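We will go stop by stop.

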Amino acid sequence: NGMGELKSQGEKLIGESDCKSCHKVHERAIGPSFFDVAKKYKDDSNARTYIGNKIISGGGGVWGDMHMSAHPLFSETDARRMADYILSLATENQHVKKVDPSGTIHISPTASLEDRTYVLKASY
C-alpha cells in the first residue's frame with residue numbers, strides 16, 4: 001500500500017478526543033466497542049442524531065452501569081461526523097467496489113442537504 005490510511009473527519013475527531021480512553025473500535029473496553037454501537041443502531045433512521053447527542057450530552061444505562069461523560073465542546077456537526085464514522089463500521093467492506101486504475105467512481109446524491117464525508121481508499 002503506497003498511500004497512508006485516509007481517515008474520515010469523524011474518525012479524525014475521535015482520534016483527537018478522549019473517546020479511545022473508554023472505547024475501542026472492535027472490542028469492548030470500559031464502554032462498548034464502536035462496532036457494537038454501529039451494529040445496534042444500523043437500522044435506526046435516527047441513529048446519527050441520537051449518537052451525536054449522546055456524544056455531546058453523555059449518558060448511561062444503555063450498555064451497563066457505566067456513565068459516559070458529556071462532551072459539550074463538540075459542535076452538533078462534529079458530533080454527527082463522529083456518529084457517521086461509528087455507524088459506517090456496521091457496513092464496513094460491504095460496499096467495496098474494485099475499479100480499474102482508469103475507472104470512474106460515481107457517488108449518488110443523498111436526499112439530505114447535510115454535508116457528508118466520503119472516503120476513497122486506494123492501494124496498489
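Helices here are DSSP runs, H or I, of at least four residues, and they are numbered from the N terminus. Keep that numbering in mind as you select. One more point before we start: this is a predicted model.

**Stop 1: the whole chain**

Colour by secondary structure. The protein has four helices and two strands. Walk along from the N terminus, and the elements run α-α-α-β-β-α. The protein has 124 residues, and 26% of them count as buried. Now think about contacts between residues at least 6 apart in sequence. Of these, 55% join residues at least 24 apart.

**Stop 2: helix α4**

Select residues 76-88, which make up α4. Show the side chains of Arg80 and Glu76. They form a salt bridge, with the closest N and O atoms 3.9 Å apart. How far apart are Arg80 and Glu76 in helix α4? They are separated by about one helical turn, because they sit four residues apart in that helix.

**Stop 3: helix α1**

Select residues 9-16 for α1. Show Glu16 and Lys12. Their side chains meet in a salt bridge, at 2.7 Å from N to O. Both residues lie in helix α1, four residues apart, about one turn of the helix. Lys12 is partly exposed, at 47%.

**Stop 4: a bridge between helices**

Select Asp84 and Arg48. Here too the side chains meet in a salt bridge, 2.7 Å from N to O. This pair links distant parts of the chain: Asp84 is in helix α4, Arg48 is in helix α3, and they are 36 residues apart. Check the accessibility of each partner. Asp84 is partly exposed, with a relative accessible area of 23%. Arg48 has 12% relative accessibility, so it counts as buried, the cut-off being under 20%. In the whole structure, a search finds six salt bridges.

**Stop 5: the largest nonpolar core**

Select Ile14, Phe34, Tyr41, Ile51, Ile55, Met82 and Ile86. The largest nonpolar core has 20 residues, and these are the ones that touch the most other members. Helices α1, α2, α3 and α4 each supply at least two residues of this core. Which helix gives the largest share? That is α4, with six residues.

Now centre on Tyr41. Leave aside its neighbours within four places in sequence. Tyr41 is then in contact with Ala47, Tyr50, Ile51, Val62, Trp63 and Leu87.

**Stop 6: Trp63**

Trp63 lies in the loop between β1 and β2. Its relative accessibility is 33%, so Trp63 counts as partly exposed. Again skip the neighbours within four places in sequence. The contacts of Trp63 are Arg28, Pro32, Asp36, Val37, Lys40 and Tyr41. Try the distance tool on Pro32. The C-alpha atoms of Trp63 and Pro32 are separated by 6.8 Å, although the two residues are 31 apart along the chain.

**Stop 7: the second largest pocket**

Which elements build the lining? Select α2 (34-41), α3 (47-57), β1 (59-60) and β2 (67-68): each supplies at least two lining residues. The most comes from α3, with four residues. Finish by colouring the lining by residue type. You will find 15 nonpolar, 10 polar and three charged residues.

Note on methods. Residues numbered from 1 in each chain as written. Predicted model: local features only at pLDDT ≥ 70, side-chain atom pairs only at ≥ 80, totals over all residues. Heavy atoms only, no water. Nonpolar A, V, L, I, M, F, W, Y, C, P; charged D, E, K, R; others polar. Core = buried A, V, L, I, M, F, W, Y, C linked by side-chain atoms within 4.5 Å. Buried < 20%, exposed > 50% of the residue type's maximum accessible area, 1.4 Å probe, protein only. Contact = heavy atoms within 4.5 Å. Salt bridge = Lys/Arg side-chain N within 4 Å of Asp/Glu carboxyl O.
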